Amino acid sequence: MPINKEMPRFSVRWMVAAVLILVVSGAFFFCEYIIYFPTILKCAWPKINHARGEEGIDGRPMDSAVRAMVLSDTHLLGAVGGHWFDKLRREWQMERAFQTAVWLLRPEIVFILGDIFDEGKWSSQKHWEDDVRRFHRMFRHSTDTELVVLVGNHDIGFHYEMDWFKLQRFEKVFNASSTRIVTKKGVNFLLVNSVALHGDGCPICQSVEKELIKLSRDLNCSLQQNLQSGGSGVMDSCEGSQLYPPAAPIMLQHYPLYRVSDAGCTGLDAAPPEERHLLFREKYDVLSKEASQRLLQWFKPRLILSGHTHSGCEVLHDNKYPEISVPSFSWRNRNNPSFILASVSPSSYALSKCFLPEESTVISVYCSAGACLLLLLLAHCLWMKGLLQCLSLCLLGKHKSL
């Protein structure tokens, strides 16, 4: 008989333990894995509008548009300012978000618009190699997807911190020049090292500006040759130039082109209202007026994509050059990270924005799970206390009857 009396208490304990384990594991798997799927499944590749004159440049069909995913400012924390838990939490979020997005959306090319690392501007070689190793693990991808990385001020330092060693170290890791043109399906993606557009004649600035002038000449000659009948009679100034598809480029860079502030920016991922009217500093928050105008005159881009501000914004320069500022991809910089999905053809493009799970949602789920655990434990303790009191009263009654 004593065994039978103990069995209810024994089975209740196991039942409570099972419920506790279920709540904890359920909250963990939902917040760390499952939540990314329904969020990113809401996103879709935008369709290019036929009305933009798609049948123009080279007659490519509509389904030949490049599917490009664009994100920015990952800021992988370094050894100096990065707390281990901050690294673990935010890097896991970016890894799961990126891996889920690439698996579900299947982009052909992914651009990261600079500030890949948070401490590249001062990290030692050992710490740099550790940061690079973590980056390659987090942003691993199949051979069907091309990953293209741009340089930012946190990767090689602001202009006054930048040097050849840091720049070449960055270029060596990603096996490419920081200023170049990437061509895919007849689309020209112009990558600009905007950190070096200070305009003071520094050696790196001169090298980057020289390369930009050459690329501008090559693109202009490609357009001119396409306009000439039969492709003959190329201008003498274009001899020896490299030919690209005859299409205006999509320009990608870390710093935004010059604008006064974010006062005109709206949307869920715009800067907070109290920050939108803060004036931007030239050559620090945005490019200078002079550098911005030179880029627009040299390349006449049909779209500019930039990062750096950690917030979203849409700007129209000179009433004809649209720029999209891409928000940070990391919870460390904003509660609601996002990225851009771009369908791009040689003569047209369409964009859509894809938001990631909000950090506040994940925190709320964990807090709710914690509250449930406390309530279950409290209810269990109260129930066990009541059961013990009941048993003690019964035993006391039997003792008196005897």
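How many salt bridges does a search of the whole structure find? The search finds 18, a salt bridge being a side-chain nitrogen of Lys or Arg within 4 Å of a carboxyl oxygen of Asp or Glu. The structure is a predicted model, in which local features need pLDDT of at least 70 and side-chain atom pairs count only at pLDDT 80 or more, whereas totals for chains, interfaces and linings use all residues. Residues are numbered from 1 along each chain as its sequence is written, and side-chain values use heavy atoms, with hydrogens and water left out.

Among the salt bridges is that of R332 with D86, whose closest N and O atoms are 3.2 Å apart. Because R332 lies in the loop between β9 (321-325) and β10 (338-344) and D86 in helix α3, the pair ties together parts that are 246 residues apart in sequence. Helices (H or I, at least four residues) and strands (E, at least two) are DSSP runs, numbered from the N terminus.

Helix α3 (residues 84-105) also packs with helix α4 (residues 125-138): their axes come within 9 Å and cross at roughly 35 degrees. Axes are lines fitted to C-alpha atoms, for helices over the stretch in contact, and angles run from 0 to 180 degrees between N-to-C directions. In α3, K87, E91, M94, E95, F98 and Q99 meet R134, R137 and M138 of α4, contact meaning heavy atoms within 4.5 Å. The contact residues comprise three nonpolar, one polar and five charged; Ala, Val, Leu, Ile, Met, Phe, Trp, Tyr, Cys and Pro count as nonpolar, Asp, Glu, Lys and Arg as charged, and the others, Gly among them, as polar.

For helix α7 (residues 203-227) and helix α8 (residues 289-299), the axes come within 9 Å and cross at roughly 30 degrees. The two helices are therefore roughly parallel, a description applied to angles under 35 degrees. Seven nonpolar, two polar and two charged residues make up the contact of α7 with α8.

Technical notes: Angles under 35 degrees count as roughly parallel, over 145 as roughly antiparallel, 65 to 115 as roughly perpendicular and the rest as oblique.
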